[in-house]
Amino acid sequence: QEKERARIARDLHDGLGAMLTTMKLRLGHALNEGTKEELINLLNDAIKEARNLSRNLMPTVLMDFGLFDALVQLVQSTEKNSGITIHYRCDSEGAKSKLKKSKQVYVYRIVQEVLNNALKHADCTEIQVSITEFDDQMNVYIKDNGKGFENDSAVESEGLGFRNLKERAELLNGDLILESDGQGTIVEVNIPIE
């Protein structure tokens, strides 16, 4: 699934994005001032949307620079777009994660899913994201100060994305810990590093 996401992301970026940019340049030369501005604004929106789709499918920063830089970008983007304060901390001995690239994608998707769930359902004002990497294990810890939920109903609900979290944790041979009360939710994943 992640390979297919990467292929679609490349196609969107290299194919559709390039065609839209070329169309924008050509239209800029061919049209009168009245219609030019309107069409160029529409094309700018289409180009931005294609970039967002591409980035959401497979963040290029993840492939180019690794998990830690991708998470910084994800947190900054989420904080900017939501207005919710996100405290991010990464404790690692190196600048790059020791996890294989294929597994880094799953960690990124877990953090992305938990942030999206918190924004949609928690009514929170703050989120803490902490990544700790040891020689043999990575710990992902995410806590929000939202309204929480009853554990049984959330775990059984497919709409909240917890099934995806569980499946990704299993693909990483990791343990998923989910705790919630009326004062927030904690999602923790412990991932062995092979």
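**View 1. Strand 4 and strand 5 form a hairpin.** Two strands pair if DSSP finds at least two bridges between them. Helices (H or I, at least four residues) and strands (E, at least two) are DSSP runs, numbered from the N terminus. This is a predicted model: local features need pLDDT of at least 70, side-chain atom pairs count only at pLDDT 80 or more, and totals for chains, interfaces and linings use all residues. Residues are numbered from 1 along each chain as its sequence is written, and side-chain values use heavy atoms, with hydrogens and water left out. In the hairpin, 2 residues sit between strand 4 and strand 5. The two strands pair in the antiparallel sense, over 7 bridges. D175 stands opposite N190 of strand 5. E179 stands opposite I186, again in strand 5.

View 2. The protein chain holds 7 helices and 5 strands. From the N terminus on, its elements run α-α-α-α-β-α-β-β-α-α-β-β.

View 3. Phi of D123 is positive, near 55°, in a residue other than glycine. Is D123 buried or exposed? D123 is exposed, with a relative accessible area of 59%. Buried means under 20% relative accessible area, exposed over 50%, partly exposed in between (1.4 Å probe, protein chains only).

**View 4. The largest nonpolar core has 36 residues.** Such a core is a set of buried Ala, Val, Leu, Ile, Met, Phe, Trp, Tyr and Cys residues joined through side-chain atoms within 4.5 Å. L67, V107, V111, I127, M138, V140 and I191 touch the most other members. Which elements give two or more residues to this core? They are helix 3 (60-65), helix 4 (67-82), helix 5 (101-122), strand 2 (126-133), strand 3 (137-144), helix 7 and strand 5 (184-192). Helix 5 gives the largest share, 9 residues. In soluble globular proteins, nonpolar side chains tend to be buried together.

**View 5. V140 and S130 touch each other.** A contact means heavy atoms within 4.5 Å. Residues up to four places away in sequence are not counted for V140. V140 touches V107, V111, S130, I131, V187, E188, V189 and I191. S130 lies in strand 2. This serine is buried, at 15% relative accessible area. S130 touches R89, N139, V140 and Y141, again leaving out residues up to four places away in sequence.

**View 6. Helix 7 has buried residues along one face.** Helix 7 covers residues 162-171, and F162, L165, R168 and A169 in it are buried. Seen down the helix axis, these buried residues fall within an arc of 120°, so they line one face of helix 7. The arc is that of the directions from the helix axis to the C-beta atoms. N173 follows helix 7. This residue lies in the loop between helix 7 and strand 4. N173 has a positive phi of about 55°, although it is not a glycine.

**View 7. K36 is a buried lysine in the model.** Where is K36? K36 sits in helix 2 (residues 33-57). Its relative accessibility is 18%, so K36 counts as buried. K36 and K24 are 12 residues apart in sequence. In space they are 9.4 Å apart, C-alpha to C-alpha.

**View 8. The whole protein chain has 194 residues.** Of these residues, 40% count as buried. The chain exposes about 11400 Å², and carbon and sulfur atoms supply 49% of that area. Accessible areas come from the Shrake-Rupley method with a 1.4 Å probe; for residues, only the protein chains shown count as cover. Among contacts between residues at least 6 apart in sequence, 68% join residues at least 24 apart.
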